[in-house]
Amino acid sequence: MKNRLNITIDQVLMEEAKRYATKHNTSVSQLVEGFFESLTQAKKENILELLDRLPEPKGRKPKEDLKKLYYEGKKKKYGF
């Protein structure tokens, strides 16, 4: 079920949004709905998931395991 949403934005921004929507064969409503979907479906990642996506640091030994180093650092810092 669709609901109506009234928002107030700058007139120039609204005109640009309409031009963008026309150029991309969509509507401003669909753009806003897509934006809200991307906001609400954003997955929160933990530090280990972020480490997997980072490029390899320069000057690091190639066989070092970043997860192992992370846990060892936490063990030293917190004593567990």
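This is a predicted model: local features need pLDDT of at least 70, side-chain atom pairs count only at pLDDT 80 or more; totals for chains, interfaces and linings use all residues.
Residues are numbered from 1 along each chain as its sequence is written, and side-chain values use heavy atoms, with hydrogens and water left out.

**Stop 1: the whole chain**

Show the cartoon. You'll find four helices and zero strands, in the order α-α-α-α along the sequence. Helices here are DSSP runs of H or I with at least four residues, strands are E runs of at least two, and numbering starts at the N terminus.

The accessible area is about 8000 Å², with 55% of it belonging to carbon and sulfur atoms (Shrake-Rupley, 1.4 Å probe). Of the 80 residues, 5% count as buried; buried means under 20% relative accessible area, exposed over 50%, and partly exposed in between.

**Stop 2: the largest pocket**

Select Leu5, Ile7, Val28, Ser29 and Val32: of the 15 lining residues, these are the closest to the pocket's centre. A pocket is an open set of points on a 1 Å grid over the protein atoms alone, with protein on both sides within 12 Å along at least five of seven lines; lining residues have an atom within 4 Å of a point. Its volume is the space filled by probe spheres set on the points, the probe being 1.4 Å.

Next, colour α1 (11–23) and α2 (28–40), which each supply at least two lining residues. Which helix gives the most to the lining? That's α2, with six residues. Colour by class and the lining splits into ten nonpolar, two polar and three charged residues (Asp, Glu, Lys and Arg are charged; Ala, Val, Leu, Ile, Met, Phe, Trp, Tyr, Cys and Pro are nonpolar; the others, Gly among them, are polar).

**Stop 3: the aromatic pairs**

There are two to look at. Rings of Phe, Tyr and Trp (its six-membered ring) pair if their centres lie within 6.5 Å; planes under 30 degrees apart are stacked, over 60 edge-to-face, the rest tilted.

Select phenylalanine 35 and phenylalanine 36: this pair is tilted, 6.1 Å centre to centre with 45° between the planes. Phenylalanine 35 is partly exposed at 46% relative accessible area, and phenylalanine 36 is partly exposed at 40%.

Then jump to tyrosine 70 and tyrosine 71. Why is this pair edge-to-face? Because the planes stand at 70°, with the ring centres 5.4 Å apart. Tyrosine 70 is partly exposed at 26%, as is tyrosine 71 at 48%.

Terms used: Buried means under 20% relative accessible area, exposed over 50%, partly exposed in between (1.4 Å probe, protein chains only).
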